[in-house]
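Have the viewer open as you read.

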Amino acid sequence: MHDGAIQQISMCCVSRMAVDGGHRDGGCDWDGRWNHVRKFLERPGPFTHPDFEPSTESLQFLLETCKILVIGAGGLGCELLKNLALSGFRLIHVVDMDIIDVSNLNRQFLFRPKDVGRPKAEVAADFINSRIPGCKVVPHFKKIQDLDESFYRQFHIIVCGLDSIIARRWMNGMLISLLSYEDGVLDPSSIIPLIDGGVEGFKGNTRVILPGMTACIDCTLELYPPQINFPMCTIASMPRLPEHCIEYARILQWPKEKPFGDTSLDGDNPQHIQWVFERSQERAAEFNITGVTYRLTQGVVKRIIPAVASTNAVIAAACATEVFKIATSAYIPLNNYLVFNDVDGLYTYTFEAERKENCSACSQVPQDLQFPPSAKLQEILEYLTENASLQMKSPAITTTLEGKNKTLYLQSVKSIEERTRPNLCKTLKELGLSDGQELAVADVTTPQTVLFKLNFTA
Amino acid sequence: MAATKASKEQKYDRQLRLWGDHGQEALENAHICLINATATGTEILKNLVLPGIGAFTIVDGHTVTGEDVGNNFFLSNNSIGKNRAQAATELLQELNSDVSGNFVEESPDKLLDNDPEFFHRFTIVIGVQLPESTCLRLGSVLWNASVPFLVCKTYGLLGYMRLVVQEHTVIESHPDNALEDLRLDQPFAEFQNHVKSYDLDSMDKKDHSHTPWIIIVAKYLEKWFSEHNCRLPKNYKEKEAFRQFIREGILKNENGVPEDEENFEEAIKNVNTALNLTKIPSTVEDLFNSEQCNSITSQSPSFWVMLRAVKEFVHNEGNGSLPVRGTIPDMIADSQKFINLQNVYREKALQDAAAVSKHVECLLQSVGKPPESIAEKDIKLFCKNASFLRVVRCRSLAEEYSVDSVNKDEITSCMDNPDSEMVFYLMLRAVDRFYQQHSRYPGVYNYQVEEDISKLKLSVNSLLQEYSFNVNIKDDYIHEFCRYGAAEPHTVSAFLGGSAAQEAIKIISHQFVPFNNTFIYNAMSQTSATLQL
C-alpha cells in the first residue's frame, strides 16, 4: 500500500493546488532565471512520477499559488527558506518563537552580528525577500501553539526544521487533527504532507509524512533516544563525572542559595553560568574530579547539541527536494525516511518507517489503559510519562463522573495541582472510576486530547 | 584582541564542541581554492566560510548569466555581465568578517598554462563543474604538489564528489561506537594490585553496593581462572555461567532474598563486552606493516614517527598490546572508589605514553632531528587514539582514468545491478566525453533533447569500448541525462555543498575520516553510494 500512498498524495496535492486561486506577479524575473528548474517541469522523462505531465503551467503554480509553511528559522530553517526560494517557491510563511543569539551565527547564515536579539523569523524573511526578488516570505514571531487550525489549513506542504521532539509531536498532532474522514474513509484532500528534518552534530534525518496514511512522528517515537538525566543520588552524594558536579550546582545549589535573588537559572546569562561553573569547580575539587570547564558547564546547563553548517545544509537540501517533488509530481517522493551520517565517510540509509497499528496520535484506535481497580492514579501518571510509545511530559487527566467533567490531576496550574495532588494516592476505585471509563488526557506533545479507555484487570 | 577571541568562542561554540580549539585553529590557518562559483561552488564555500576558514580564493573566468543568478544565493541580478568570481566573492565574504576572500578572474586552464604553481599555496583545491580535460590537468599538478583536490559536480538530480589525496592521516577519527579499553583479559600489574585492595566478602553493605563493576568482574574472573585452568569464559554457555557466578555474589538479606545491588547488575550486563579480548585492530596492524612506518627518515611526518614508536612499544613494554587508553565509562560507585579506579587507568596510560615518548626520542635522534620536534601532548593524544588511527590513500585521477589501471572489477561487479549508483558514474563519464566531442553538454536546449539521445549513446558506447567494460546501460538513463540538460538544481547543489564542505573540513583538520574516493548522491531516490575507483 505504501508505494501507492506516496504516489497518490502527489495527485491529491496537485488537484487541491490546481483548484486554489493564484496571484500573478509582475515581471521581476529576468531571462533564464528559472532555466535550471524548468527542465524538470517542462520535459518528459523516464523516471518521473507516473502522473507527471510536462507543462509550462507547473512553474507558474510554484511561483504564484503553492503555499509552503516552514517551521523554524534556525539552522535548518534558514537553509530551507533559501532552498525553496531558489526552487521557485514564493508564497512562504515561516514561524519561529526565538530571537537571534551569537552562537547561531556559525550556521544560520541569514543573520549577522548586528541582528543579535531580533526575532529570527523576521530577519530571515527580510533577508530572503531582499536577496531573492519576487519571493514573499511572511514571518510569524510566535510559538507554533499560538497558531490555530485555520492558519495551518491554508498550506499545501509544511516543512519542519525544529530542535524539539515535543514541538514535532505537536505539529504532527495538529495536521492529524485536520484530517477528515467520511464514513471511516480518509479524504485525501484533507492531507497536508509534512516533511520533517532533524540534525545533531554530524548526523541528520529527513522524513516524509502523509498524516493518516504513512508513519507519523508518534508511530516511530522509539527512534528518538531518551534524554540523559543523571540519578539524583549520584548528583547529591556520589559524583564521579564533572557533569555530576555541574548538575549539583544547577539543581541543588542554585535553588538553595538563590545567588541572584528569586530569578531562575538562565542558561543564556553568562553571570549565571559563571556562578554554576565556580560552584561546580568547588564540588569537583572536593571529590578529586577533573574536567569541569566553562564550556562543559554551559553545555550541561543548556543541554547544548553541537551543530555545524554542513549537516544543516545536507538535511535541509534533502527536505526541500522532497517539497519540490511533492509540489510538482516531478518524481516519486521519498518513501519515507532518510538517515545521514558523515563522521566516517558519508553514510545514508533510506527505509520505510511503518505505521503503528495503535499509534496514540494517528491510528484512531482508542488507547487502552490496563490497570487493576486497586492501582493508584500515580501509576497511570507514570505509565503515561514513562511508556516508550507515549512519552508524555506532564499529562492532565480528566474524565466524566456523574455527568460532570472532573479533573483527576493537572500539573501545569499550581492551584489545580495542589488541589488534585491527593488524587494521585487514591485508587482508581476510590476515585469512582469504572471499567470501560474514558479518560481524556491533554499534554504538550499533542494539540488534541488523547482518549484512553480504562480496562480493569484482575 | 581579547574581545575578538571571546566573541569567536561564542560564535563558534556549537562547532568547537565537535572539533575542539585545535581543529578550529587548523581551519583558521587554511586557504581554500574554489574553482567555479556555480551554485554548487558557492554552497560549498558558504559552509566553509561560516565555520571560519582563514581565507578563500575563487578562480572563475566566467561571466554571470541570468541562469546563474537563478539558482545561486551568492549572485544577484545586478551582477549579470560581471565576472562571476568577483560577484560571488562579495556576497560570500559578507557572511563572516573573520574570513579573507579573494578572487582571480581567470579560467583554471589559463592558470595551468601560465602559472600552474599558483595552486601550490592552497590547503585544498575544490573544483566544481569542471570539464574532464581541465580536471585531469589540475589533478596531475595537485598530485605532484601533494595538494588535496576535491572534485564536485551537480548534474541534474545527481551529485558527484571525488577526493584525490595521496596520503591523509587521521589521529582523531572520533568513532561513533568505540569499545572500551579495560584490559580485563590481561590485567596490568597496577590494576591487579588495585583489585587486591578490595575484599568483597568482608565489605559492609554500603561499600559492597558501591564497588565499581570493573572490580567485580575482575575479582570473579580471578576466581574463574583458578577454577578453569586460566581460561576466560569463551562461549555463550560459559559466559552465562560466569554471569550467574557474579549474580550469586549479590548480598542477601536475613530472609535470603537478594538485595538491590545495581553495581552487580551492571557487572552482569557488561560481561559480554568486558570479556572482549584486548587486541590490536586490523586497521592498526596494517599501518604497522606499511612502508612509511618501517622506513622512518628525516622527512617522515610525525604521524609515522609516532606510529613506529607505538609499534616499538607494542613489541617491548606493551607486551603485544597498544598503550592503555586511560578512560573508563561511568558506573555505579561511590566517588572515591570510582576516582581511584579511574586514576589507576590514567596513570597506566601516562606511563605507557612516556614509554612511547622514549621511542619517539630515539627515532628522532636516529634521523638527526631534535626530540622537541614532536610535542609531548601530541604523543599523548596519539596514544589515547591508538586504536582509532586511520590513513586514507586515494588513487590519482590518472590511475582512475587510465585503461591500464581503471578499476574494472569494481565497475563491472556493481553493474551486475544495472540500477546501482555506478550507472550514474558511467553516465557522467559519458557526458564528459560528449562535451569533449561537441563542446557542449547534451540536451541543454529543448530541441536538442531528442536528437542528443543517440549522440549520447555513441559517447556511452565509446566509453564502454575504450575500457572494455562489459556492462549494459539502460536507454532510460541515456534519455534521463539528455533530459537533465546539464541543469544544476539548487537543492542538489545544496546537498553536495554540505557534503563537500565537511569533507574539506576533515582534510584540513585531520579529524574524522574522509570518504575514499567517489561519492554519488541520487536525489531521485535519496540514496547514495561510495565507490573506490
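This is a predicted model: local features need pLDDT of at least 70, side-chain atom pairs count only at pLDDT 80 or more; totals for chains, interfaces and linings use all residues.

Helices (H or I, at least four residues) and strands (E, at least two) are DSSP runs, numbered from the N terminus. The bond between Asn516(B) and Asn517(B) is a cis peptide, with omega about -5 degrees.

Chain A has a cis bond too, running from Asn335(A) to Asn336(A), with omega near -5 degrees. Asn336(A) belongs to the loop between helix H12 (309–328) and strand S10 (337–341) of chain A. Then there's Glu402(A): not a glycine, yet its phi is positive, about 50 degrees. Look for Glu402(A) in the loop between strand S13 (396–401) and strand S14 (404–409) of chain A.

## Where the chains meet

How many residues does the contact take from chain A and from chain B? Chain A puts in 79 residues and chain B 86 residues. The size of an interface is often given as the accessible area lost when the parts come together. For chain A and chain B, the buried area is about 6900 Å², with carbon and sulfur atoms giving 57% of it. On the chain A side, His36(A), Arg240(A) and Arg295(A) supply 12% of the area that chain A buries against chain B, more than any other three residues.

## Salt bridges

Side chains of opposite charge can pair when their charged atoms come close. Over all chains, the whole structure has 55 salt bridges, and the count between chain A and chain B is nine. One that links the chains pairs Asp176(B) with Lys203(A), whose closest N and O atoms are 3.5 Å apart.

Inside chain B, the side chains of Lys8(B) and Glu28(B) form a salt bridge at 3.1 Å, N to O. Lys8(B) is in helix H1 (residues 2–11) of chain B and Glu28(B) in helix H2 (residues 13–28) of chain B, so this pair ties together parts that are 20 residues apart in sequence.

## Helix packing in chain B

Start with helix H10 (residues 213–227) of chain B and helix H12 (residues 262–274) of chain B: their axes come within 8 Å and cross at roughly 65 degrees. Angles of 65 to 115 degrees count as roughly perpendicular, which makes H10(B) roughly perpendicular to H12(B). The crossing of H10(B) and H12(B) is right-handed. H10(B) brings Trp213(B), Ile216(B), Val217(B) and Tyr220(B) to the contact, while the H12(B) residues include Phe264(B), Glu266(B) and Ala267(B). By type, the residues in the contact of H10(B) with H12(B) are seven nonpolar, two polar and one charged.

What about helix H16 (residues 335–366) of chain B and helix H17 (residues 376–384) of chain B, and at what angle do they pack? The angle is about 120 degrees, with the axes of H16(B) and H17(B) 9 Å apart. That puts H16(B) oblique to H17(B). The crossing of H16(B) and H17(B) is right-handed. Leu350(B), Ala353(B), Val356(B), Ser357(B) and Val360(B) from H16(B) meet Glu376(B), Ile379(B), Lys380(B) and Cys383(B) from H17(B). The contact of H16(B) with H17(B) has six nonpolar residues, one polar and two charged.

Methods:
Residues are numbered from 1 along each chain as its sequence is written. Chains are lettered from A and ligands numbered from 1 in the order in which they are written. Side-chain values use heavy atoms; hydrogens and water are left out. Axes are lines fitted to C-alpha atoms, for helices over the stretch in contact, and angles run from 0 to 180 degrees between N-to-C directions. Angles under 35 degrees count as roughly parallel, over 145 as roughly antiparallel, 65 to 115 as roughly perpendicular and the rest as oblique. A crossing is left-handed if the near helix is turned anticlockwise from the far one by less than a right angle, and right-handed if clockwise. Contact means heavy atoms within 4.5 Å. Ala, Val, Leu, Ile, Met, Phe, Trp, Tyr, Cys and Pro count as nonpolar, Asp, Glu, Lys and Arg as charged, and the others, Gly among them, as polar. Buried area is the accessible area (1.4 Å probe) that two parts lose on being put together, summed over both. A salt bridge is a side-chain nitrogen of Lys or Arg within 4 Å of a carboxyl oxygen of Asp or Glu.
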